[in-house]
Amino acid sequence: MIKVENLCKNFGAKIAVNDVSFNVEKGEVLGFLGPNGSGKSTTMRIIMGYYPPTSGRVSVGGFDVSDHPIEAKRLVGYLPESAPGYADMTVHGFLSFAAELRGLNGAGKKAAIERVVEMCFLQNVVHQTIDTLSKGYKHRTCLAQSLIHDPQVLIMDEPTDGLDPNQKHEVRNLIRRMAPEKAIIFSTHILEEVEEACTRVIIIDRGRMVASGTPAELKARSPSGKLDEVFRAITLPDTVKAA
Amino acid sequence: MSAWHNIKTIMKRELGGYFTSPIAYVFLIIFLLLTGFFTFTIGNFFERGEASLVSFFTWHPWLYLFLVPAVGMRLWSEERRLGTMELLLTMPVTPWQAIIGKFLASWLFLALALALTFPVWITVNWLGAPDNGIILSGYVGSLLLAGSYLAISSMTSAMTRNQVISFILSVVICLFLILAGYTPVTDLLIKFAKPVVVDIVASFSVMTHFEGFQRGVMDLRDFAFFASVIGFALFTTSVIIRSQRAG
């Protein structure tokens, strides 16, 4: 569903993404790991067509993101990193806006809103404005927005950031439940999350793909079988060198 | 999922945003108070002894100078500050649909403010027999003037996430568009430059093109001027939005 080929992105002289390639098919959950500022968000924004790539190609569901952005975006639900929302809108108004932009109207829209409100546990705050929500609720409202059209592809930038442990658990369950039907990419700093929810992992460091495989394969690289040691072994020496 | 459907959805949300916050009410009240004050007190509406809205329309370029950028400054800076711009532009909409939807929403809001000045029109019809064709032409010109300032505010708003900077920049640009054709300035210019040059400078001014509307002359060239300002400013908005993402 998602095909990324030799993707590069420069911001001025800074190389943010350097020759990244991968595919994600339906039923796969790809975990994006990497230190802060390693290029995870930039890669996701390019897949969403928000940043144009400097070179390389991205296609979603067979549609090239640069040439057919609208067709590609229709297939995708996206949760941006900071989980933004219009502060003065109610949760219901915001979801209704997202649904209409996704082409849902009338009964279809109503059913879609009810479905995501239930999925993301927003029943108690439906009529509250977004600026009065706690961080966890705000995050889940934005997550609900990304699911409103039941997309075939889901891209989530740190979906569990700012959630309490119970909410984190729920979101991971949600990802696992949706996994068989969708192609999912999510980024995270939390290594247990990868083990729990992903079928495949990519580790990115300073714009480059430094490792890729199933969680089990990556764990096998370390004598102790712990993912965080593998992560450190791969990304730390570079960070130290850079410093 | 037509283009118009997307524009309408974005427009509805934007317009709703004005009315769910106090902005709409504060703006409408201030606008109506100020138009009343300028028309009747400063403009000597009653002492003029003529049934026209000259003293009403003549203040609009100056009144809009501060009020329109106040409406337009949040258009894009707010989206950037909240991060919703990323959300909006990763929806299946084109940047153009978003730009036009947002612009039309705020223009519609200004049209509402302008429509609420109807008591002035009733007053002048009550007191005398004005030429309502001239008044209609004045309203059309005023709306186009507001649209031009607004498109400029949309442009400056796309430049920064800071609404204050956006406001000041658009006031300065709009002020230039006024002064280039403001009589005291052209009188000064004529001492240094050839009349042709002064005319060219003045032809960039909203004053020159708004004047005809106030006299009841709806000239195609004046329409073309305001349409070009709006078109140019919105096009620049799209370029700015694109370049910010290109890195």
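In chain A, 16 residues of domain 1 touch twelve residues of domain 2, where contact means heavy atoms within 4.5 Å. Before going further: this is a predicted model, in which local features need pLDDT of at least 70, side-chain atom pairs count only at pLDDT 80 or more, and totals for chains, interfaces and linings use all residues. Residues are numbered from 1 along each chain as its sequence is written, chains are lettered from A and ligands numbered from 1 in the order in which they are written, and side-chain values use heavy atoms, with hydrogens and water left out.

**Two domains in chain A**

Domain 1 takes in 2–75 + 152–242, while domain 2 covers 84–150; those bounds come from an automatic or database domain assignment. Their C-alpha centres sit 25 Å apart. Together, the two domains of chain A bury about 1100 Å² between them, with carbon and sulfur atoms giving 61% of that. Buried area here is the accessible area (1.4 Å probe) that two parts lose on being put together, summed over both. You'll also find one salt bridge across this domain interface; the rule asks for a side-chain nitrogen of Lys or Arg within 4 Å of a carboxyl oxygen of Asp or Glu. Lys182(A) and Asp150(A) form a salt bridge through their side chains, at 2.6 Å from N to O.

The size of an interface is often given as the accessible area lost when the parts come together. For chain A and chain B, that area is about 2700 Å², and carbon and sulfur atoms supply 63% of it. On the chain A side, Tyr50(A), Tyr86(A) and Leu101(A) give up the most area to chain B, together 28% of what that side buries. The contact draws 30 residues from chain A and 27 residues from chain B. Three salt bridges cross between the chains. Elsewhere in the list of charged pairs, Arg45(A) and Glu86(B) are joined by a salt bridge at 2.9 Å, N to O.

Most residues other than glycine have a negative phi.

| Residue | Phi | Relative accessible area |
|---|---|---|
| Glu158(A) | about 50° | 9%, buried |
| Asn44(B) | near 50° | 37%, partly exposed |

Glu158(A) lies in the loop between strand E7 (153–157) and helix H6 (165–178) of chain A. Asn44(B) is in the loop linking helix H2 (23–42) to helix H3 (54–57) of chain B. Helices (H or I, at least four residues) and strands (E, at least two) are DSSP runs, numbered from the N terminus.

**A bent helix in chain B**

Helix H4 of chain B, residues 60–72, bends by about 35° at Phe66(B), with a proline, Pro69(B), following within four residues. The bend is the angle between axes fitted to the seven residues ending at a position and the seven starting there. H4(B) is mostly covered, with ten of its 13 residues buried. Among them are His60(B), Tyr64(B), Leu67(B) and Pro69(B).

Key:
Buried means under 20% relative accessible area, exposed over 50%, partly exposed in between (1.4 Å probe, protein chains only).
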